[in-house]
Amino acid sequence: MEAYENLWKSFVQGIDFDQKLIKKDILSSWQRCKKTNVSLYDFDQNLLMKPQKKYQYVLKYLPEYNEMPYREFCNIVENLKLNISIYDENAKLKYIINYDDSFDDLYPQVGYFLDASEEKLGTNSTCLAILENKPFMVVGQDHYKYIFHQFSCVAAPFYCEENHIGGTVNASFLHTSVNNDTLNIIYSLARLYETLILKRVSSKKKENLQNNEGKEKKPKDIYFTFSDIIGESEAIQNTIRMAERAATVDSSVLIYGESGSGKEVFAQAIHSKSRRKNQTFVAINCGAIPTDLIESELFGYETGAFTGAAKSGKQGLLEYASGGTLFLDEVESMPLSLQVKILRALSSSSITRIGGFQPMPIDIRLISASKKDLEVEIKKGYFREDLYYRINVIQLKIPPLRDRKQDIKAIIDYYIKTFSQKNSIKVRKIEDEFYKYLQAYHWPGNVRELINIIERSLVLSEDGMMDESVLSSSIKESYTIAKLKKDLNEVFNQALPKEKNILQIAEEVIIDRVLKEEGYNMSSTAARLGISRPTLYKKIEKSKGSNRK
């Protein structure tokens, strides 16, 4: 790194150096920056997004978040624990996803730039991904500006239907190394954004044009149906049958399920089979909207209701959902003060905008979802008992993926086919080991995590071969543990020799298994077992000695 920094110093000072040591695209960018007098040691602070402006860019605060494709994309990014940004084709900031509120306190030292063009920020991955029309990684001293040398950034372009660049997906890291794996992840997110959002928006525009030409209009959105829920296990089929019965009535439904288990998929499926299927489905994540904004988002406000209110007022989501279905996700996160107002609105079938006096009638079918046991939350004083009884007429419990592992293969096959068609990737073979590794994993992120792993594996696969090499270390470790447990169970199902204790037998089984997996390489086997080579030799000799007795 020091040698590379010396090359950068030589360039900015006009000292001759071997230009072959600098990547061609980076060098070209430096030359353009120098020619246009881009500053080396500072930047215009007006280019940084101010914390109070985040509600204009953070996707979960924007109306688009109510649409399923945007929400699903956000969920995938959050599951990856990444903070990313979306820039348009002119390198202007469009969206921020998984925003870290700690950035508010770090402003103006750290934040998101409103304009990432080369003439504003110098060499960076966003502008180079657009200029060079390819995924790009800019690491430390690759940046023209010295003040960015502590950062690394990665960007990948996405394309509109006409095949021109629509913008980029970006991630930046402070004091963190990035590599091709990072680039592959951002590349796959760009493809996902392209297929999940851009192409869908384009098809909707076409549909609207057709509708305007006099053709029969269709519902604005396409929602999940029960046929989209994959699985033949008894656990998931029982839940589907109960949900189908719930769809025939207008009673409130409470859905319990872990994160990523498909609570909103079930909610949409119920809506799709109900009498309200041609009306609006509005999803609200009670945990995602800031406490000081949630009331105005739900109930709307009149002109001049508070400082900063829109001059024309604003329609609330409850009002917007009238006639259709309202889905309250993470309902356990709703503030107590708002629970009172929601209960009143549900009881009276009316709402009053903030700053207003005239009640407005609403007609909504309510579906709620929670990751926590609401009866426990009631005892803790976090949730109102009267609201609980209002929302809990029909209760559904979605089984976690670890309790229906027989469904995993069907889910894998479905999404490999779906993603390969969307991304024009030909799959030649899916190895049996690929299925076995995923079957052994415990899936804390449930179906959402599995879908993400499938997409990532498909992008990382070489020559259309899906095998364990594209899987993460945590999945491989789960598989190893599952195999060890199987071996131990087979041992303990037999009569145990009296001269050996159970721990000694377990140790021998584990050592034997790891030795085989490591090709009898003593160094790597000792490293995996967390012991030294001499200790490993002693344990093997001890095992041989006890077996000879």
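Predicted model: local features only at pLDDT ≥ 70, side-chain atom pairs only at ≥ 80, totals over all residues.

Me: At what angle do helix H8 and helix H9 pack?

Reply: Two packed helices are described by the angle between their axes and the distance between the axes. Helices (H or I, at least four residues) and strands (E, at least two) are DSSP runs numbered from the N terminus. Axes are lines fitted to C-alpha atoms, for helices over the stretch in contact, with angles from 0 to 180 degrees between N-to-C directions. Here helix H8 (residues 234–247) packs against helix H9 (residues 263–273) at about 40 degrees, and their axes are 8 Å apart. H8 and H9 are therefore oblique to each other.

Me: Which residues of H8 and H9 meet?

Reply: Contact means heavy atoms within 4.5 Å. From H8 come Ile 236, Thr 239, Ile 240, Ala 243, Glu 244 and Ala 247, and they meet Phe 266, Ile 270 and Lys 273 in H9. By class, the residues of this contact are 6 nonpolar, 1 polar and 2 charged; Ala, Val, Leu, Ile, Met, Phe, Trp, Tyr, Cys and Pro count as nonpolar, Asp, Glu, Lys and Arg as charged, and the others, Gly among them, as polar.

Me: How do helix H15 and helix H17 pack?

Reply: Helix H15 (residues 408–422) and helix H17 (residues 446–460) make an angle of about 45 degrees, and their axes are 10 Å apart. H15 and H17 are therefore oblique to each other. On the H15 side the contact includes Ile 408, Tyr 415 and Phe 419, and on the H17 side it includes Val 447, Ile 454 and Leu 458. The contact of H15 with H17 holds 11 nonpolar residues, 1 polar and 1 charged.

Me: At what angle do the axes of H3 and H17 cross?

Reply: The axes of H3 and H17 come within 10 Å and cross at roughly 85 degrees. That makes H3 roughly perpendicular to H17. Glu 72, Asn 75, Ile 76 and Asn 79 of H3 make the contact with Arg 448, Glu 449 and Asn 452 of H17. Their classes are 1 nonpolar, 3 polar and 3 charged.

Me: Now to the sheets: in what order do the strands of the antiparallel one stand?

Reply: Strands of a sheet pair through backbone hydrogen bonds, either parallel or antiparallel. Two strands pair if DSSP finds at least two bridges between them. In this open sheet the 5 strands follow the order S2-S1-S5-S4-S3, with antiparallel pairing. Strand S2 (93–97) and strand S3 (136–139) are at the edges with a single partner strand each, so one side of each has no neighbour in the sheet. On average, neighbouring strands here are turned by 20 degrees against each other, direction ignored. S3 pairs with strand S4 (residues 151–159) over 4 bridges, in the antiparallel sense, and Val 138 stands opposite Cys 153 in S4. Helix H3 (residues 68–79) packs on this sheet, where it touches strand S1 (84–88) and S2, and its direction makes about 60 degrees with that of S2.

Me: Which 5 strands form the parallel sheet?

Reply: That open sheet has the order S7-S10-S13-S6-S14, and its pairing is parallel. Strand S7 (281–285) and strand S14 (394–397) are its edge strands, each pairing on one side only. Here too the neighbouring strands are turned against each other by 20 degrees on average, direction ignored. S7 runs parallel to strand S10 (residues 325–329), joined by 5 bridges, and Ala 283 stands opposite Phe 327 in S10.

Terms used:
Residues numbered from 1 in each chain as written. Heavy atoms only, no water. Parallel < 35°, antiparallel > 145°, perpendicular 65-115°, else oblique.
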